[in-house]
Amino acid sequence: MLTIPLYYSLVDAIYKRKADHFAFPVLAAMAYILMGYFNIFGGWTVGWVVFLTIPLYYWICSFFKNKND
């Protein structure tokens with residue numbers, strides 16, 4: 001179920017050539033769940049750090065968007 005928004009937003013981002021149209025928060029939530037379930041890289045304890053990458057991703061997208069203008 002979580003892969004549906006990833007697929008459609010990825011296709012939309014590629015088609016429109018805008019990386020900020022990708023549903024990165026859904027990918028971060030899925031990574032957090034998988035890290036906790038399989039106890040990868042510290043599991044639930046350290047997995048919350050993945051959510052810190054969400055604003056970083058959109059900041060990088062806006063940086064490259066403004067750079068190309």
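Good morning, colleagues. Please keep in mind throughout that the model is predicted.

I begin with the backbone. Arg17 has a phi near 60°, a positive value in a residue other than glycine. Arg17 sits in the loop between α1, residues 3-16, and α2, residues 24-38. The side of solvent exposure is clear for Arg17: its relative accessible area is 79%, so the residue counts as exposed. The second case is Asn39, which is likewise not a glycine and has a positive phi of about 55°. Asn39 belongs to the loop between α2 and α3, the latter spanning 44-47. With a relative accessible area of 58%, Asn39 is also exposed, because the threshold for that class is over 50%.

I turn now to charged side chains. How many salt bridges does the structure hold? It holds one. The partners are Asp12 and Lys16, and their closest N and O atoms are 3.4 Å apart. Both residues lie in helix α1, four residues apart, which is about one turn of the helix.

A search of the whole structure finds eight aromatic pairs. One of them joins Tyr7 and Tyr8, with 5.1 Å from centre to centre and 70° between the planes, an edge-to-face arrangement. Tyr8 is exposed, its relative accessible area being 57%.

Another pair is formed by Tyr32 and Phe51. Their ring centres are 5.2 Å apart and their planes stand at 55°, so this pair is tilted. Which parts of the chain does the pair tie together? Tyr32 lies in helix α2, whereas Phe51 lies in the loop between α3 and α4, residues 53-68; the pair therefore ties together parts that are 19 residues apart in sequence. Tyr32 is partly exposed, with a relative accessible area of 22%, and Phe51 is partly exposed at 35%.

Lastly, ring pairs link Phe24, Tyr57 and Tyr58 into a cluster.

To close, I would recall two items from this predicted model: the salt bridge of Asp12 with Lys16, and the tilted ring pair of Tyr32 and Phe51. Thank you for your attention.

How values were computed. Residues numbered from 1 in each chain as written. Predicted model: local features only at pLDDT ≥ 70, side-chain atom pairs only at ≥ 80, totals over all residues. Heavy atoms only, no water. Helix = DSSP H or I, 4+ residues; strand = E, 2+ residues; numbered from the N terminus. Buried < 20%, exposed > 50% of the residue type's maximum accessible area, 1.4 Å probe, protein only. Salt bridge = Lys/Arg side-chain N within 4 Å of Asp/Glu carboxyl O. Phe/Tyr/Trp six-rings, centres within 6.5 Å; stacked < 30°, edge-to-face > 60°.
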